[in-house]
Structure formats: C-alpha cells, structure tokens
Amino acid sequence: MSMNRRHFMSHMAASAAMTAPVAASFTNLLQANAKDMQKRQKACIMLFMNAGPPTIDIWDLKPGQPTGGPFQEIETSAPGVKISEHMPLMAKQMHHTAIVRSMSTREADHNRGRYYMHTGYVPNPSIEHPSYGAVIAKELGNPNLEIPPFVAIGGASYGPGFLGMSYAPFVVDSNGDVRNLNMNMEAPRLAQRLGMLAEIEGGFAASARGEAPIEHKKVIDRTVTLMTSDQMKAFKIDDEPANVKERYGIAAPGAGMAAGGQGGMRRNTTFGRSCLVARRLVERGVPFVEVDMGGWDLHQTTHDTLKNNLLPTLDQGMSALIEDLAQRGMLEDTAVVWMGDFGRTPRINARAGRDHWARCWSTVVAGGGLKGGQAVGATNEDGTAVADSCDPIKSEDLMASVLKGLGVSLETTYTSKNNRPMKIANSGKVIKELFA
Amino acid sequence: MTKWFQLICCTLVGTSACALALWQPVASSTAAELAAADAAATARELPRSASGNVTDDDLIKFINEQIRKGWADTGIGPSPAATDAEWCRRLYLDMIGRLPTVEELNLYLASGGPDKRKRMVSLLMGEVSSSNPKDSARADKYLEEFARHWASKYSILFVGRPPAQRQNRELVNRDGMQAYLRGSFLRNKPWDKMVEEIVSATGTTSPGSPEFNGATNFLVNKLAENATEATAKTAKYFLGIQVQCTQCHNHPFNDWKQDQFWGLNAFFRQTKSVQNRNGQNVEYVTLGNEDFNGEGSNPKEAEIYFELRNGELRVAYPTFVDGTKINSSGYVNEVDRRAELAKLVVKHENFGKAFMNRMWGHFLGYGFTKPVDDMGPHNPVSHPELLDRLGQEFAARGHNVREAIKWITLSEAYSLSSRSTPRNKKDDPSLGEKPMFSHFYIRQMQAEELYESLLAATRADQEGTPEERAAKKAMWLSQFTVTFGNDEGDEATTFDGTIPQVLMLMNGDLTKTALTSAFMQQLSASNGSLKDKVDYLYMATLARKPSSREAALALNAKGANPQDVLQDVFWALLNSNEFIFNH
C-alpha cells in the first residue's frame, strides 16, 4: 500500500485525538509505511569493472570460434540467454537481468573509456561532465539523507563536473570503512572550534575568489553532519546475519580458506563486502552507490585469471546483490548496472591475453524498471562487430535508459558553468527493448 | 622564537651531508659544493639567445607585455598586486612545497630594496649574492628543500604516487626515481641533459643495487605490451604530443597517424629489462639494451609490424615524430636506438615549449593549453606567441631550469592578487575559458605540500633520520591514492577537497600530532599574551593577522587552560579554506 504525503499528514493531524492503544498501533503503521517509503526510494548501484572486462568470456561467448577461448556456455533462468560456465550463480538470476550485447563505444584508452562510460560524453578539455553518480544524486536526492547521496566504494569513480562539489563521490574503503570519522570531543568544545572555523571560512568564501572556497564551506558542513549521524551505521556490515554474509561470499571470521576455490585458493571477499555495503546504503536511502572491482586489464593469461579468480568473485557478489534486492522487494526501484571501460579484443594475443576493444562488447543491467530476462542486441559470429541486424548502442544510450527506468525525465537540461545548455545523458536514445 | 629558528637552521645544515649521502649517487658532496661546481659549469655552457643578448629582465618584460596584450584584446583589467605576505606564501608553496614559517615570513617582510622579490626567488633556489656565511647556510637549506620538492613533483608525474597497498611486486622504485631527480635539481642539471639521461637510461632501479641509476625508473614500468606506454608517455611528457590513441587507429581529431606511433615505438624495441627477485619481491630491475632481431627476423633491418583496424598488417622502422629516420639496424653496437631517440627528443621544437608550458601551469594554476601536455594543433593555445618565445629562449639559453623559474615567478601575472574584480570576473578558466592570468588562480595545496607545511609550522621537520622521515611521509601519503590497476598507470587521489580529506584534517593523526606537538606546548607555555600567540598561529598558517572578530572568538573562548584554546584556534585554522588554498 502506498501513501501519499497529504494522506500521511491527515493521519498526523488526527493522531492527537487517538487513545493510547490506537496511537501505538498507528506508530507501527507509520513505521511500516516508513519502511515502504524507504523501499520506494529509487536508486542505482553501479558495479564498475575497472580496466576493461573481457565480456566475450562472460556475457557473450563464441564457443568454437577462433576468438572463442576455452569457456563453454550454460543455460540460465532466462530462456535462450546463455552466459559463461564460470558464472553459475548469476545464471540463476538472469530472469531479472538483461545483457546489452551491442555496445559500441569507440574509446579504447582506459582514461577516456572510463570517462565516457561514466558520463556519456567523450572527454573535452574545456568542460567536466557529471557522472552517473552526480546526476542521479541530484535527480533522486533524498532530503532526509545525511550520508552523501553519491558513495563510491573502493574506487574513485568520476566527479560531479559542473554540478559542483555537493555531488562529488564520497569515496570509502572497499570494506566500507570510513576513516577518521570520530573526533572524540565533547560537544561544547567542538562547537567552539566550529565557530572559529566558520568565521575564517566565511570571510574567505566572501572574498571574490570564485566558487572553490564556497564549495569548501559546503563540504565542511556536510562532513560535520556526517560525524554526528546515526545513518553511518549503514556502512557497518557486522550486524548482518551470518547467512546473508555467506551469500555475499564473506566467510565467517576464522574460516580462512573458502571452499570451492580452485586448488584451495583464498577467495577474494572484498567485492562481496562492497556489494553488501551498497545494498545497506540503498536501503538507508542513498540514491547512488558505485562499487569498483579491479584486475581486469587482462593483456595476458586472460582465461586462467578469469576462471580462478575474477569470475568466481564477480559471480558470488553480483548474484547475491541481485537476489537480495529482489527478495527484499527493492529490485524494482534499484537499477544494478554492470560495466567497464570497454571490452577486450576477440582475438587472443600471443600471451594468451586479450587487449583493449571498444567496437563491440556487453554491459548488463537488472532492476530499476528495466526489463530483465533477455539479451538485447548481438555481435556477429566471431564477436568482432555488432551484428548487422542491430543498432550499435552507445554509452549515452545506456545512461538514458537507466535514468528513464528510474523515472528521471530525459528532458532535464543542465546549464554548464559557461552557460552552455547540457541535455541529461548527452541526449542518448533509450534502448527500447529494456522497456518492452 | 628567533632562537628556535637559528637552532633549526644549524641542525639542518649539520645533517645535510648525510641526507645527500642517502639520496644521491654523487654521494658525499654538500649542496654548496655541488652548487658551486654547477654555477661554474652553467656559466661556461650557457649560450646566449640567438636574438642577441636578452637578459632575464628583458624576457620578464616580454612576458608582461604579452599578458597585458591579452587583457587589452579581451577587455579585461588586472586585479591589484598581491601583498608581500600573500606573494611570499605562494612563492614558498610553489618553489619549495611548503608554507613559510612566521620567522621566514617576517624576514622577508622586513627586507627592502627594489629587488627584494628577485633576491627571495634566488634564495629559495640556493643562490645568494652576499658572502655572509649565515646567508649561504640559509641558501643551502633552501636548495635542499627546492630539490626535494621538484623531485617529488616530477616523480609523481613520471611514476605516480605510492599505492595504498604496498606492492612488493612493483617494478618502479620511487626512492630511486626521486634520488635521481633530487640530485639533478640540486645540481641544476640542464633539462635537456636530464631528459636525455632518462630516455636513454641503462642500469638498475633501486638505491644500493649494483649499477644503480635512478633515471631507469621512468621507463621500467612502461615496457609491457612492446613498450606502448613508454612510447606514449615520452611523447606526452617531453614533447606535449598525445599519441596514445594512435596505437590502435589514426587519431580522429588531430594529425597523428598510427604509423607515426609505431615509428616512435620502434625506438624502444632494443630495450630489455630483467627483474632481480627475492621470492615474490622485486629487489631491483636492470634496464639495458640488447640486439633486436626485428619481427621479420632480419636484424640488419629490424622492423616491427602493427595491425590496422581492418586487420591489414603494416611495417614500421624507427622514425621520429618529425619524420627523421635512423639506421634501422637492430644491433646495439651499430645503433643504440634509445640514445638516438633521446637526442632527437631534446632537439625537437616542442621540447622547450613543453617544459615551459608545464612550469607555467605549475606556478600560475593553468598552462597555456589544457591539459599542459597536449599541444597538438587541435588544442587552442591561450598565448601562442609567448609560449613559442619562452620555448625558444629556454632552449637557446641551455635549458636552465632555475632561469625559467625566475622568468615565471618574477612576472606580473604571478604577483597579482587572487581576488577577482568586476573587470576580470569573467577570466575564470574553471568555466572552460582560456586563462588570461588577470588575477592569481587559487588552487588547493597538494597532500605533499600540506604535510611539509605542517611539519615546518610545528618544527617537526627535523625529527628522526631522513630515511625515517621519508618513510613516514610516504606512509601518510599512500592513504589518498586510488589506483585503477590498468596499463596506463592511472591513479586518482582522494585528497581532492571531498569529505575524506576534510575528515582527515579534522580528526586525522597528522592534525592530532600537530595540535599536541612540542611546538604547541612551548607556544602556550611561553611568555607573551594570548593575543600574541593567536596572532602567531594566524601568521604561521594564513600569513596574516586575525581580524578583530576572529581574534575576539579566540580571546573570549572558554577552555580549561590557554593550551586548549590555542589548540582550538590552530584546529580551526588548519581546517579552513584560506589555509588549504594557495592564493
């Protein structure tokens, strides 16, 4: 049941007249509705695969082709959609999930590719564009939120561009630790310090030295709020039940080696932890969280690294996140977006590696109003080009689709600092299959 | 307080010889000896400008005229001059990487004469005109700080900051890179000589390893994938030419072609690196050259192949960016390809410009192009005539780094206030406009500068041995580094004005240490009024006295004792925008 604001307020007005037991049950109702409202906060979790994942070995295999590599395909919970045999847990979540197999992005330099995928714009020295996180933080901001609306776990992401420091990523460690959070100071003395600071800060901000000193002042204010906020508990995964932690691949303390890894390899639990923190943050009302996973620059021995390390880690964390969001009824309002700088070459090089490749590759989305259980677009037989029958999909098209799914108007236009109108998501075209 | 200052000077000069021994291959010489030797060498080697006997003053005048011309053309008026204290604060930050102490600031403010700024600039680079031994001791101390600062700057550019997690498998040895750079800046080695040494370097990477040559560190982590990163970074850093995209395709919006990339790349193909490991740990890497057979197995004509996007295979031989070809033999005893490349790089017309553009950008906040190392024809130049002339003069006068710094720091543009006026409000390059340098562009201190400033302000800059200090600093700095783990060596810093940085300054160990330092205890225990002590802290951090309201907040503050109040004042100052910005 949903409750609009006027309805809610009329209950509030009536509550003064209620008798005690009724009031108590009404409090429960309010709490239930508060939960409901939290659930309805739209949000996006981006899983960013730093340095360019070989999507031809994960989401769009070419078994039997010279470009195919050693991996086999497996069936998934989405009829007809097959993925890598090393993603068995994700295979069970594919009915929620869509693979976009016809990405074609042109930028095969890490820096440029990462920028383009985060912003929908190619780099331009005279302007800095806002990234997904900044745009979504601005559009889906939550006034009751004390945590910054854009959190980047374990990576730097991309900045707010011309939207300003209020939408800059709040970068935290990959285990969700926020360093230097406590001052251990009594309130009156802290207030005294802050009073002195405000005097200096305000004077300099008012001294005609541009935006930066003013932005600094805003960041100070936000930081002080954060230091005293109860909401920071969202970063702590300790009180999650053991079975939830286990599902995210986080072994109980003392368990040491995780079972199932090839040759007793110690499983990397960092990505799983980050995913769990991301879910907690979204639950608390944070509209955008980016989780970074590195290690994808696989110029050599691509397949051994994928099989023994990267894919089991990815499979565990990503599948846990989607399943968990779905079970909590949050997936409908939370978009999960999986992408990297670019894909990797279909051709396998002399060192059994794959190099940079932006011409045709895959990204993945789930939830957030986007239709799962399908593969959108296709590449040709050996994976060297987008199939003739398909439109190539660009970064801005994906961004526009994610924003639309979250209910952000694509007519939104920003004004850059030099007064240029900038259409949200670089006027990208919506991928219609995701809304069928 | 003056006494403390003198004491610190003596200590520093006393330890300088051992600091050098640690860092430098040239070991036991003192800064003074090196400087004297190099002054002689520089005087001997410097050719005068082709255009006649142009003095530093002539050139500074030319810079000022060109900048003023830009104002006239765009209808902009300059801000008034910065105060002496403001200028001194920014000069210390930009030249030696830290704020001036109160004593240093007062010495400068008390100095006089029309050339006081010129003397200050020279002093911070270790040059003194007087024969007073006290002055030359001071100059030696600054020369060391100058060399440390520039070694750090260029080391970050060349090999990046230390990663957050210590990786023993890293090929680069940052201490080795810094040792080389520090020795070079200490001796004022001409820039062309440095770059030649870096591009053609052979030897080992780690201090103390056999045949140690710290210059090898520039290339040693850029050789993967047939040295594609070495190719791209050499062109970018030393010539301001961005070629990285042309590795795979012709550049969509500049003149660079794929065959040019591979022609340049062919110069690196005799390069060989060998890792000396102890278990998993890389102890040092040996960089050398070996005969290159060529991908066609004909070492006499050692060619390489590259693939066009359509799959067609093309051949390339060593060909420089301007089309110059060298003998394509792969035999090292016939052609040392990197040595040839080094010579071509330093003679290229962009070489001087690329350096001057980067240095101008360092001091003024923006270069003549954005970014400073992309000077391709597609990228507009704010002051093309000025950049050309600076590049030419720098080359013609022997690539003298200190001279270049004088031109920039003594220019009118560097002396202007950072406050904008109604007549230059539109001169704001952060909006994407071309910089007109009509006021000083403020920017945040780097993490390294904050660290050194706090050490100097609290007199903690001489605690422990130089090695211990360097290790402590590297450890502290590593908390801000975020690496992307890719073959371009990209990294970012969280010391970027966002919440993690503010949290660190409010609550972090560095601030705690500063607030409770011996210096702060001495300050609060010393004679003198609370007002004087508050003034002192403002001067130490902001180079100004507190306003009456600021002073009142401190003097009326409640605290169990004056020490608490002083701590609170210092805390507020360190966390302020006015402190963290260079303005």
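Trainee: How many residues does the contact take from chain A and from chain B?

Mentor: Good place to start! Keep in mind that this is a predicted model. Both chains take part in the contact, and each has its own count. The contact takes 58 residues from chain A and 64 residues from chain B.

Trainee: Which residue forms a salt bridge with A:Arg209?

Mentor: Seven salt bridges are found across the interface of chain A and chain B. For A:Arg209, the closest N and O atoms are 3.6 Å apart, which counts because the limit is 4 Å. The partner is B:Glu86.

Trainee: Which element gives the largest share of the side of chain A that touches chain B?

Mentor: Nice question! Between the two chains there are 14 residue pairs in polar contact. Four elements of chain A, namely α4 (110-119), β6 (170-172), α6 (187-205) and α7 (212-227), each supply at least two residues of the touching side. The largest share, twelve residues, comes from α6(A).

Trainee: Moving to the sheet in chain B, what is the bridge partner of B:Thr271 in β3(B)?

Mentor: The open sheet has three strands in the order β1-β3-β2, with antiparallel pairing. Eight bridges join β2(B) to β3(B), residues 281-289. In β3(B), the partner of B:Thr271 is B:Asn289.

Technical notes: Residues numbered from 1 in each chain as written. Chains lettered and ligands numbered in written order. Predicted model: local features only at pLDDT ≥ 70, side-chain atom pairs only at ≥ 80, totals over all residues. Heavy atoms only, no water. Contact = heavy atoms within 4.5 Å. Salt bridge = Lys/Arg side-chain N within 4 Å of Asp/Glu carboxyl O. Polar contact = N/O pair within 3.5 Å; in protein donor to acceptor, adjacent residues only side chain to side chain. Pairing = 2+ DSSP bridges.
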